[in-house]
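Student: I have a structure open and would like to learn how its features are read. Could we go through a few together?

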Amino acid sequence: MDSGDSSSEDDSSSEVYITKASSHDLNDILRIYDESKEFLDDEDEEWFKGIIKSRSRRVNIYTLRINGGSIIGFAVVYKNKRRKSAYIDSLALETSYRGRGFGRVFLEELE
């Protein structure tokens, strides 16, 4: 992964993991949402809980982790099986991981 940041962590050797969100991920998702809400739709904790608990085939929340650690990002994805299409409604990263290529990788993997 290409890194434009001069942090001590070597982003080029980072392994990313994308999984569907579970109820255990809610606090991390809400933390990242709070950091990013000026760029996202206005949602609340119950909305996120509802999506995670519903196990819907139409809408899911995916999480991004690096090197098996804590969640650094999330995306809300809507699917339309009849049209065989999907769209990403929201994508947010922890502020300390922005501008380092993780969002691009997350988006590419979701596509």
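Student: Which residue takes a positive phi in the hairpin of β3 and β4?

Tutor: This is a predicted model, in which local features need pLDDT of at least 70 and side-chain atom pairs count only at pLDDT 80 or more, while totals for chains, interfaces and linings use all residues. Residues are numbered from 1 along each chain as its sequence is written, and side-chain values use heavy atoms, with hydrogens and water left out. Strands are DSSP runs of E with at least two residues, helices are runs of H or I with at least four, and both are numbered from the N terminus; two strands pair if DSSP finds at least two bridges between them. Here β3 (residues 71–80) and β4 (residues 85–93) pair in the antiparallel sense over eight bridges, and Lys79 has Ala86 of β4 as its bridge partner. The hairpin has four residues between the strands, and Lys84 is the residue with a positive phi, near 55°.

Student: Is Asn60 buried or exposed?

Tutor: Buried means under 20% relative accessible area, exposed over 50%, and partly exposed in between, with a 1.4 Å probe and protein chains only. Asn60, which lies in strand β2 (residues 59–66), is buried, with a relative accessible area of 7%. Contact means heavy atoms within 4.5 Å; leaving aside neighbours within four places in sequence, Asn60 is in contact with residues including Lys20, Ile51 and Lys79.
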